[in-house]
Structure formats: C-alpha cells, structure tokens
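This report concerns the domain organisation and the chain contact of one protein model. Please consult the sequence and the coordinates alongside the text.

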There are 2 protein chains.
Amino acid sequence: MNNFEFKNPTKIIFGKDTIAKLENEIPQDAKVLLLYGGGSIKKNGIYEQVKSAIKNLKVVEFGGIPANPEYAVLMDALKIIKDEEITYLLAVGGGSVIDGTKILSAAALFEGDIPWDILSKGIKTEKGMPFGTVLTLPATGSEMNSGAVITRAETKEKRTMGGPGLFPEFSILDPQVISSIPQRQLANGLTDAFTHVLEQYMTYPNGALLQDRFAESVLQTIIEVAPKVLKDPTDYKAAADFMWSCTMALNGLLQKGVPTDWAVHAMGHELTALFGIDHARTLAVIAPSHYKYNFEAKKEKLAQYGERVWNITEGSTDDKAYAAIERTVAFFHELGIDTKLSDYTKDYEGTAETISKRFTERGWLGLGEHQTLSPDKVEKIVKMAY
Amino acid sequence: MNNFEFKNPTKIIFGKDTIAKLENEIPQDAKVLLLYGGGSIKKNGIYEQVKSAIKNLKVVEFGGIPANPEYAVLMDALKIIKDEEITYLLAVGGGSVIDGTKILSAAALFEGDIPWDILSKGIKTEKGMPFGTVLTLPATGSEMNSGAVITRAETKEKRTMGGPGLFPEFSILDPQVISSIPQRQLANGLTDAFTHVLEQYMTYPNGALLQDRFAESVLQTIIEVAPKVLKDPTDYKAAADFMWSCTMALNGLLQKGVPTDWAVHAMGHELTALFGIDHARTLAVIAPSHYKYNFEAKKEKLAQYGERVWNITEGSTDDKAYAAIERTVAFFHELGIDTKLSDYTKDYEGTAETISKRFTERGWLGLGEHQTLSPDKVEKIVKMAY
C-alpha cells in the first residue's frame with residue numbers, strides 16, 4: 001500500500017425525509033445563496049422542501065446552472081454573492097450544481113483578479129466560503145469530495161479544480177429524490193459512479209488488499225442495484241444503495257494507498273467539451289478502448305476484477321482480463337449506454353488528433369498510473385473508440 | 001438501509017516514515033502533554049522519533065497509562081493538564097493510551113465537578129481539548145473514532161464514553177511499528193478488529209448491500225493477512241493491510257445504515273473487569289456462544305458471512321450459519337486465542353450471575369440489535385461460554 005493522507009470532514013445526512021434537517025445545519029445568521037439547475041426541483045417537490053426548511057434564513061436564489069457547469073453563468077452568480085454580501089452557499093442539485101458551487105466557494109474568497117486562474121493555474125483552495133448541498137442526482141460524488149469540473153463554452157474547455165477548503169460542510173442524501181429522475185440520467189449516474197471506481201482500481205496490483213475489496217464492493221453493488229433502479233426508481237432500497245454507492249465511489253477513500261489512472265476522464269472530458277456528449281457516456285466510450293490499448297499493463301487487475309466482480313473463473317489471466325472488458329461493455333449496453341463515439345456523432349473524424357494536440361499544448365505528456373500515456377497514445381485510444 | 005448521519009473529521013497520515021510529519025500537525029504555540037503507556041515506545045525507537053518531530057514545541061510527558069486505561073491514573077494526568085496549562089494532547093500508543101487521552105480531552109474542558117460523571121451519566125462530549133495520536137498497536141480503531149472505554153479498578157467497572165468532540169485531529173499510522181509488537185498483542189489486535197466488524201454486521205439483513213460488502217471486505221482482509229502478520233511482523237505489506245483494516249473496522253463507516261449488536265462487547269468488558277482477561281480474548285470467548293444462543297435471529301447473516309467470507313457453499317441456511325460460527329472459532333484458535341472462559345480462569349463459577357446482576361442494576365435490560373437481550377439471556381450466554 002502506498003503512503004497516503006486522508007481527511008474528509010463532510011457531514012453526511014442520509015435517508016428518508018432528511019431534507020428538513022437543513023434547518024439545523026446552516027448558521028442562523030447566514031445570508032444564503034440557494035443555487036440550483038434547470039428547474040426540475042420545482043417540479044418534483046424538492047424546492048418546496050428546501051424552502052420550507054430554510055424559511056427562517058435570509059435567502060437569495062440563483063437558478064439555471066446548466067449541466068457541465070458553465071463558467072460564464074457562474075460568474076453571474078459570483079456577482080450576486082458580492083453584491084448581496086452572501087455568507088453561505090447552498091447547492092440543491094446534482095454534480096453540476098455542486099461543482100458550480102465549489103468554484104463560487106473558491107472564487108468568493110479568492111484574492112486574485114481572474115477566477116479562471118483557479119482552474120487554468122491549478123490553484124488549490126485552502127479556504128472557501130462555507131457551503132452545503134442537497135443532492136438530487138446521484139452520480140459524481142461531488143457531495144462528499146473537494147473537487148469540481150468546470151466548463152468554459154467560449155474555449156470548449158473542461159477543467160478541474162479543488163482543494164481541502166472545498167468539502168461541503170454537509171450533504172443531505174434523501175434517496176427518495178431518485179423516484180423523479182429520468183431514465184437517461186439514472187443510467188448516466190450508474191455509469192459515472194462505476195467508472196469512477198474503475199479509475200481508482202484498474203491499474204496494477206500494489207498489495208492494498210482492503211482498498212481493492214472496497215472498490216470491488218462498490219462495483220458489485222452498482223451492478224446488483226442497476227437493473228432495479230432503472231426498472232423502478234421508486235424502489236427505495238435499491239435507490240438508497242445506488243445513492244450511497246455513488247458517494248462512496250468518489251469521496252476520496254478508494255483512491256488512498258493505491259495508484260490511480262484518471263486518463264479515461266481526461267479523454268472523456270474532451271468529448272463533452274467538443275460534442276456535448278453526457279459526461280458519463282464519454283467515459284463508457286473511452287474506457288473499453290483504454291483498457292484494451294493498455295492491456296498488458298492492466299491485465300492483472302482486469303483479471304482480478306473479472307474474477308471477483310463478474311465471476312469470470314475460466315481461462316488464463318489474459319482470457320479473464322479480456323472477458324472482463326467485454327463484460328463491462330455489455331453492462332454499459334444493458335444500462336442503455338452506447339460505447340462508441342460514432343454512436344453519438346457523425347463528425348468524429350479528426351477528434352483523436354484534436355485531443356492529442358490539446359494535451360500536448362497543455363503539457364499533459366504522461367497520463368495514467370505510470371504517467372506514460374503520451375498524446376500519441378491518447379490519439380490511438382480515441383481512434384479505437386470511434 | 002436505515003437513515004444515518006456520518007461525519008469523521010480525523011486526518012489520517014498513513015505509511016512508512018510518517019511519524020516525522022507530527023511537526024506540521026500540532027500548533028506551534030501549543031503546550032503539549034505527551035501521553036504513553038508502559039514504556040515499550042522507549043525500546044522500539046518510536047519515542048525518539050516522536051520527540052525529534054516535536055522538539056520545537058513545549059512538551060510535558062505522562063507515561064504509564066496501563067492496558068484497560070485506569071481512571072485513577074488518568075486523574076493524575078488531568079492534574080498535570082491543569083497545573084501545567086496544557087493546550088494539546090498527544091497520545092502515542094494503542095487503544096488504551098488513546099482512549100485514556102479521550103477522557104482527558106473531555107475532562108479538561110468538562111464543566112462538572114466529577115469527571116467520572118462523563119462515563120456514569122453517559123455525557124456526550126461536544127468539545128474536548130484538541131489531541132492527535134501516533135498509533136503503535138493496531139486493534140481498537142480508537143485512532144479514527146470518537147469513543148473510548150475506561151476502567152475503574154476500585155469498582156471493577158469498564159464504561160464507555162464519547163461524543164463528536166472526541167475525534168483525534170490527526171492520527172499517524174506507520175505500519176513499521178508492527179515489527180516490534182509481541183505475538184500476543186498482534187493476535188489480540190487481529191481478534192479485536194475482526195470482532196468489531198462482526199458487531200456491526202452479524203445482525204439481520206436490512207438491504208444495506210454496500211455496507212455489508214464493506215464489512216465483509218474488512219473481514220476477508222484480516223483473514224488473509226493474519227497468518228502473514230503473525231509469521232513475520234516485519235512484512236510491511238501485510239502490516240499495512242492489518243493496520244488499515246483495524247482503523248476501518250471501527251471508524252464509524254461500517255455501522256452506518258445498518259443495525260448493530262455490541263452485546264459481545266458489553267459482556268466481554270465484564271470479563272476484563274472481573275478477571276483482567278485481555279479485551280480481545282473476552283470477545284472471542286463470548287462471540288461464539290452469543291451467535292449460537294441467538295442463532296434463529298442471526299442465521300441469515302451468519303449464512304451470508306459463511307458464504308462470502310469463508311466460502312461455505314454447501315448445505316441449508318442453517319448449515320452454513322452453523323459452519324460459519326465453527327469456522328470463526330477455528331480462526332480464533334489459529335490466531336492462538338482461546339475461546340472458553342475456563343481457558344483463562346478456574347474461578348468462573350457465578351460469573352454469569354454476577355454479570356446478569358450488574359446489567360440489571362445498570363438498567364441494561366435489552367441489549368443487541370433487537371434490544372431484547374435481557375439479563376437472564378446474558379446469563380445463559382455467559383454460562384455457555386464457560
């Protein structure tokens with residue numbers, strides 16, 4: 001096991017009818033900016049529950065944060081934070097709203113002039129404006145971690161940010177919210193969380209036995225509940241396991257003590273930036289090609305995954321590893337997720353070269369757990385994913 | 001899955017040669033009370049590493065905290081905290097030293113007159129004196145939780161305490177410390193952590209699929225590394241998995257969303273208080289009888305445990321459940337841990353009645369996950385364990 005440091009101070013409030021507990025989590029003298037997305041919370045009753053819970057607080061609202069939270073929109077919210085002297089942020093939404101809230105938390109106390117520098121210069125936020133979340137869409141794990149991904153439409157970029165000051169103070173996870181989520185987003189959430197685990201697991205064995213088993217536990221649970229969640233989103237038991245699996249998939253625990261990859265995300269983000277493909281679906285496009293291209297380096301872990309998660313017991317290490325990739329592709333298909341770029345766009349020619357060029361320009365010359373995935377290799381993987 | 005709240009703010013610093021990082025974790029203006037046990041840290045080099053790391057701080061020392069930390073001894077330390085105007089506590093030791101430090105953290109800021117009230121009246125500590133730990137003996141998980149068990153020799157009592165103010169600010173876990181731990185204590189640590197997981201798992205199925213798998217992951221890992229740790233405590237890989245498993249076994253995560261038992265601990269504590277038997281060994285004495293006595297209520301989980309953890313695939317649910325108990329007993333024996341009270345003392349007659357009477361006097365009329373384990377049942381279980 002590698003050396004590591006781990007600290008995650010977010011308070012999780014999990015379960016049925018927990019949104020009312022908001023009342024006790026935000027300081028009574030706070031001036032709150034309530035942030036949300038496209039307005040679905042006004043249709044499914046969550047908005048009313050939230051408003052009722054914080055009725056005694058001073059609250060300003062900012063809705064309309066889009067999927068792949070857009071920098072320009074968030075800068076409008078930052079202006080409100082400053083003009084209204086906001087002291088506390090409350091994100092009610094999925095990963096996009098929470099991620100958007102994180103850049104606001106960072107930017108509100110940022111001493112530089114240009115908030116984009118936080119992303120472009122990779123500035124770690126040590127202290128942000130305090131914020132909490134009410135999760136409405138399980139997927140990204142943003143509700144219990146300190147990272148965020150922000151999109152800038154004018155340059156077609158998706159960039160990451162984070163820092164120890166960006167953990168939510170609290171996150172409320174009521175699995176009942178899942179009953180009103182459309183199938184497409186449920187499938188995305190399952191795929192996103194599943195791939196988050198793979199990024200922290202599908203590398204090479206390093207003797208972190210417990211960490212491996214925790215990762216496999218999340219994968220097994222997602223596989224077990226996925227058909228139930230898709231068939232009946234009002235199945236509370238399945239919804240609860242789904243929601244908690246998404247949080248545990250990316251709250252920092254699984255990545256401790258082990259090598260991590262994240263090249264699938266690096267490539268996937270570009271597909272969202274270039275074509276607007278749903279984040280989770282870009283991961284399902286890239287992951288199979290990535291694992292096939294890096295087969296030799298990853299086959300021991302692929303075989304372990306095949307054995308323990310998919311019960312693939314026949315054949316050699318190579319056989320099991322290959323079968324595990326195929327089974328993963330089949331799983332994505334069972335969720336209704338296409339796994340080739342050409343399933344999403346006809347304009348895919350040149351994409352591999354564009355992404356490779358971008359990575360070169362950014363100095364991303366060695367991605368992955370061995371830091372050896374160079375832009376020319378990225379180009380080949382993306383081509384394999386056409 | 002049951003509703004739950006989870007917050008664990010302890011910073012874990014894990015790995016090889018991490019004790020030197022102490023320097024950055026304690027405020028520079030702190031006046032530190034360095035607490036330790038019987039002095040083994042002066043033989044194995046840990047004391048020197050700690051002293052070197054905090055050489056620029058004002059430090060007072062208090063050694064001699066015994067196993068099953070003794071209230072009277074700790075009150076001597078409390079006097080030093082007050083006389084010397086200590087502001088920060090540093091525990092260097094195993095669960096006993098850390099637990100002892102927790103009552104000091106609580107008592108240092110306690111507004112009542114008699115610190116024992118914290119234990120006897122079950123007062124939750126919301127804010128304690130800040131403290132950190134350097135773990136020298138993996139077992140109890142105290143390094144990443146907010147609970148403690150304190151012994152009072154004059155009344156032969158072991159009582160529990162805790163509260164959200166009693167999480168360590170940081171804990172340093174260097175698996176190299178394991179190389180100098182005696183076999184007896186290694187076996188105790190493995191047994192203690194294993195039983196901690198059982199207390200949070202061996203109840204009844206409630207659909208918390210991920211939580212069950214996390215618990216099984218810790219059990220499987222302890223089983224896998226136990227023989228390696230006992231055979232060669234200098235095996236760093238095995239030591240690291242052992243140490244991390246002990247922490248994860250009782251840092252609060254496993255118990256969230258599931259019913260918990262803890263009756264094994266309640267009964268076991270009495271055996272330590274009455275006979276001075278090592279804590280872990282009392283758990284190995286009680287657990288098999290407890291599971292046999294409550295077989296009908298627990299057999300579904302026992303069978304699941306048998307299947308997933310011990311690969312027991314033959315027979316009915318009852319068969320698997322019974323075999324799982326037998327396999328657990330065999331595992332304790334493989335660790336060199338005896339599982340009958342008569343293996344430890346010849347004076348066991350009347351013990352069951354004594355414990356039953358104590359529980360009645362304390363009003364502990366319904367232990368266990370169903371809160372139905374009454375003192376008369378406790379009496380029968382302890383007798384089965386003779």
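## Domain organisation

The model is predicted. In chain A, the domain assignment gives domain 1 (11–176) and domain 2 (182–384). Taken over C-alpha atoms, the centres of domain 1 and domain 2 of chain A are separated by 26 Å.

An unreviewed UniProt entry places the feature "domain: Alcohol dehydrogenase iron-type/glycerol dehydrogenase GldA" at residues 9–175 of chain A. This span of chain A, residues 9–175, is 26% helix and 26% strand, and its end C-alpha atoms lie 22 Å apart.

## Contact between the domains

In chain A, 18 residues of domain 1 are in contact with 24 residues of domain 2. On the domain 1 side, strand S6 (147–152) and strand S7 (157–162) of chain A are the elements that give two or more residues. By class, that side of domain 1 of chain A has eight nonpolar, six polar and four charged residues.

S1(A) pairs with strand S1 (residues 4–14) of chain B in the antiparallel sense, over seven bridges. A:Glu5 has B:Ile13 as its bridge partner in S1(B).

Technical notes
Residues are numbered from 1 along each chain as its sequence is written. Chains are lettered from A and ligands numbered from 1 in the order in which they are written. This is a predicted model: local features need pLDDT of at least 70, side-chain atom pairs count only at pLDDT 80 or more; totals for chains, interfaces and linings use all residues. UniProt positions are given in the numbering used here, feature names are shortened, and annotations may be inferred rather than shown by experiment. Helices (H or I, at least four residues) and strands (E, at least two) are DSSP runs, numbered from the N terminus. Domain bounds come from an automatic or database domain assignment. Two residues are in contact if their C-beta atoms, placed from the backbone, lie within 7 Å. Ala, Val, Leu, Ile, Met, Phe, Trp, Tyr, Cys and Pro count as nonpolar, Asp, Glu, Lys and Arg as charged, and the others, Gly among them, as polar. Two strands pair if DSSP finds at least two bridges between them.
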